[in-house]
Amino acid sequence: PLLSSAESLFSQGERLIPRNGDPPDPSRPPRWKEAGVLFAQSAQLFGQAGNDRRRARALHQQAWCLRPGHDPDGTWEETVRLFDEAARLSRKAGDRGGWAVSWRMRGTSLQPDENPDGDWSTALAIGHRASRMALESSEADLRAKEARIRSIVDTAPEAAICVIAVIYLV
């Protein structure tokens, strides 16, 4: 029940904001504040259920909704804190890709062209680290896929012999 409630709240929040890369729909303006509340509730339930990976994702979305350009009552301090917490939980859950995305958004939220209290050197250092982690994550995924394909190819001859033997025995 906890996880399904958390997923439901998360989905409701997603429906209130544009998807990444989608152009804004003038007939449906984003409802950032409402979405942020739903993501916060979702994160709380995911936390109670012990699902750090999904909790991190909900916190990431909540941070995105609280950005001062989205929510007029949002603050950069809270946005950065939530992206940082999302990154920490993603890393704890072994979600390197989630960690890299939240960490990168933390860095973006510290850029002076976004955040008047930001700092370029900190933002760039965070962005560099996030890029390195994203690259390492992609390389690890490729190595795992390559190992799986090799395993399938290595066992293919034995599997074919077994199938042929079964056909002749039947």
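Tutor: Let's start with touching: two residues are in contact when heavy atoms lie within 4.5 Å. Keep in mind that this is a predicted model. With that cut-off, Ala63 touches Thr79, Leu82 and Phe83, leaving aside residues up to four places away in sequence.

Student: Where does Ala63 sit, and what makes it buried or exposed?

Tutor: Ala63 is part of helix H3. Buried means under 20% relative accessible area. Ala63 has a value of 0%, so it is buried.

Student: How far is Ala63 from Phe10, in sequence and in space?

Tutor: They are 53 residues apart along the sequence, and their C-alpha atoms are 13 Å apart in space.

Student: Which residues of H3 are buried, and what do they pack against?

Tutor: The buried ones include Ala56, Leu59, Ala63 and Leu66, along with His60 and Cys65. The buried residues of H3 pack against helices H1, H2, H4 and H5. In H2, the buried residues include Trp32, Phe39, Leu45 and Phe46, and H1 and H3 are among what covers the buried residues of that helix.

Student: Why are H2 and H3 called roughly antiparallel?

Tutor: Their axes are 8 Å apart and they pack at an angle of about 160°. Angles over 145 degrees count as roughly antiparallel, so H2 and H3 get that label. H2 passes H3 in a left-handed crossing.

Student: What makes up the contact of H2 with H3?

Tutor: From H2, the residues include Trp32, Phe39, Ala43 and Phe46, and they meet a set in H3 that includes Ala58, Leu59, Trp64 and Cys65. By class, the contact has 10 nonpolar, 5 polar and 2 charged residues.

Student: How do you know that H3 and H4 are roughly antiparallel?

Tutor: The axes of H3 and H4 come within 8 Å and cross at roughly 160°. That angle is past the 145-degree cut-off, so the two helices are roughly antiparallel to each other. Their crossing is left-handed.

Student: Which residues meet where H3 and H4 pack?

Tutor: Among them are Ala56, Leu59, Ala63 and Leu66 in H3, with Leu82, Phe83, Ala86 and Leu89 in H4. The residues of this contact divide into 9 nonpolar, 4 polar and 5 charged.

Student: What makes H4 and H5 a roughly antiparallel pair?

Tutor: The axes of H4 and H5 come within 8 Å and cross at roughly 160°. With over 145 degrees counting as roughly antiparallel, that makes H4 roughly antiparallel to H5. The crossing of H4 with H5 is left-handed. On the H4 side, the contact includes Val80, Phe83 and Ala87, and on the H5 side Trp99, Trp103 and Met105 are among the residues involved. By class, the contact has 7 nonpolar, 3 polar and 4 charged residues.

Key: Residues are numbered from 1 along each chain as its sequence is written. This is a predicted model: local features need pLDDT of at least 70, side-chain atom pairs count only at pLDDT 80 or more; totals for chains, interfaces and linings use all residues. Side-chain values use heavy atoms; hydrogens and water are left out. Buried means under 20% relative accessible area, exposed over 50%, partly exposed in between (1.4 Å probe, protein chains only). Helices (H or I, at least four residues) and strands (E, at least two) are DSSP runs, numbered from the N terminus. Axes are lines fitted to C-alpha atoms, for helices over the stretch in contact, and angles run from 0 to 180 degrees between N-to-C directions. Angles under 35 degrees count as roughly parallel, over 145 as roughly antiparallel, 65 to 115 as roughly perpendicular and the rest as oblique. A crossing is left-handed if the near helix is turned anticlockwise from the far one by less than a right angle, and right-handed if clockwise. Ala, Val, Leu, Ile, Met, Phe, Trp, Tyr, Cys and Pro count as nonpolar, Asp, Glu, Lys and Arg as charged, and the others, Gly among them, as polar.
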